[in-house]
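These are my notebook entries on a structure that I had not examined before. I set down what I looked up, entry by entry.

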Amino acid sequence: MGNVVRTIVHCDVCDVIQDYQLHLGSHGIILFDLFLSIPLIAFLIYLLYNLSSSLQKLRESDSLIMSTYYTFIWIVLLFDFIRIIVSLIEPNAPIKQFYDIFYLIFYFLLIFIELSIIVFMSHSFTITGREALFRTVWITAVFASLYSIVQVILVYPLHIDIFQGKTQASHLYWFISSTVLLLVYVGILVVPRISKFFPHLERNFNFANKNQLYYYVLFLMVLYGSRALGSFIAFMDMEIGFCFIVFQKTMYYAVFLPLLYWTFLWEFFRVPSLHVYHEMVMRGYWDADT
């Protein structure tokens with residue numbers, strides 16, 4: 001057990017980049033977090049620039065699903081900026097308590113939205129938008145809750161710092177959780193290609209035929225593969241693992257929200273005509289041939 005919780009000694013350049021501080025008086029600002037704020041600020045400017053037309057489009061379409069995910073985008077973006085501010089503060093008590101609670105909520109939101117796209121897109125969309133949204137929310141909430149329960153157990157009863165800690169225990173957690181999610185996304189890429197051989201799969205997993213969706217899945221698959229590999233290497237006391245972890249964090253925090261917007265909302269706001277966006281025929285909207 002002592003080997004599992006001991007802190008890894010590291011001086012790898014990737015880890016130095018992640019933790020390098022610019023000292024202003026008695027306080028240090030982590031430059032890595034400031035760097036990650038640049039694409040988020042650019043995305044915020046884009047959303048604000050298109051805010052009026054986006055709200056008008058949502059009012060005209062009366063689309064519950066699109067309105068919900070547009071709201072989710074803003075909520076996660078807000079949490080992203082709070083995360084950056086929180087990361088600039090040294091996580092000592094009592095800040096550490098707030099820090100852990102914030103990250104538990106933040107990761108619940110991320111995994112919920114991340115997986116809800118997949119759950120929603122797997123439906124055949126022969127039901128109303130409200131029914132599709134309700135089914136998506138409760139299915140995704142179950143998985144996101146299980147994900148968060150594991151984190152709560154590790155953070156509180158077991159006192160493992162999985163958010164900022166660099167112990168073998170924290171690396172082991174991220175290796176296992178990232179590997180599970182990696183397998184989920186690999187399965188999503190495989191299922192449509194084998195579903196024709198399994199009628200049950202074809203009936204229950206009607207994934208849409210749209211390039212953006214598969215780019216979204218491929219992006220997450222690469223990131224979770226990188227995090228799993230980096231965490232495993234770091235768990236084995238090899239410092240090169242931090243490079244994979246830094247890559248995953250950079251791409252996830254900086255690119256995930258714009259990619260989510262592009263995957264799910266961009267065409268909706270881009271196309272002037274609204275009649276093609278009836279939620280009961282949403283599979284047509286996601287069909288590359290339409």
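**Entry 1: The chain as a whole**

I began with the surface: the accessible area of the chain is about 14700 Å², and carbon and sulfur atoms account for 71% of it. I note at the outset that this is a predicted model. Next I looked up the secondary structure and found 13 helices and two strands in the chain. Of the 290 residues, 47% count as buried. I then turned to contacts between residues at least 6 apart in sequence; 75% of them join residues at least 24 apart.

**Entry 2: Helix α3**

For the buried residues of α3, I recorded F32, D33, L36, S37, L40, F43 and L47. An α-helix has 3.6 residues a turn, so residues three or four places apart point the same way.

I looked up D80 and placed it in helix α5, which covers residues 64-87. Is D80 buried or exposed? D80 has a relative accessible area of 3%, under the 20% limit, and therefore counts as buried. Leaving aside residues up to four places away in sequence, I found that D80 touches L40, F106, Y253 and L257.

I then searched for salt bridges and the count came to one. Which side chains meet in this salt bridge? They are those of D80 and R83, with 3.2 Å from N to O. The two residues are three apart in helix α5, so about one helical turn separates them. I checked the burial of both partners: R83 is buried, as is D80.

I went on to two tyrosines. Y99 belongs to helix α6, residues 95-121. With a relative accessibility of 1%, Y99 counts as buried. I looked up its distance to F163, which lies 64 residues away along the chain; the C-alpha atoms of Y99 and F163 are separated by 9.0 Å.

Y216 is in helix α10, residues 211-235. I found its relative accessible area to be 0%, and Y216 is buried. What does Y216 touch, apart from residues up to four places away in sequence? I recorded I113, E114, I117, I118, F256, L259, L260 and T263. I also noted F264, which is 48 residues from Y216 along the chain; their C-alpha atoms are 9.6 Å apart.

I took V142 as one of its members and found it in helix α7, residues 129-155. V142 has 42% relative accessibility and so counts as partly exposed, the class between 20% and 50%.

I also looked up I176, which lies in helix α8. I176 counts as partly exposed at 46% relative accessibility. The C-alpha atoms of I176 and S231 are separated by 8.9 Å, while the two residues are 55 apart along the chain.

**Entry 3: Two loop residues with positive phi**

Lastly, I looked up phi values in loops. H159 is in the loop between α7 and α8, the latter covering 168-194. Its phi is near 55°, a positive value in a residue other than glycine. Is H159 buried or exposed? H159 counts as exposed, at 67% relative accessibility.

D237 lies in the loop between α10 and α11, where α11 covers 241-264. Phi of D237 is near 70°, which I noted as a positive value in a residue other than glycine. At 35% relative accessibility, D237 counts as partly exposed.

Note on methods: Residues are numbered from 1 along each chain as its sequence is written. This is a predicted model: local features need pLDDT of at least 70, side-chain atom pairs count only at pLDDT 80 or more; totals for chains, interfaces and linings use all residues. Side-chain values use heavy atoms; hydrogens and water are left out. Buried means under 20% relative accessible area, exposed over 50%, partly exposed in between (1.4 Å probe, protein chains only). Helices (H or I, at least four residues) and strands (E, at least two) are DSSP runs, numbered from the N terminus. Contact means heavy atoms within 4.5 Å. Accessible areas come from the Shrake-Rupley method with a 1.4 Å probe; for residues, only the protein chains shown count as cover. A salt bridge is a side-chain nitrogen of Lys or Arg within 4 Å of a carboxyl oxygen of Asp or Glu.
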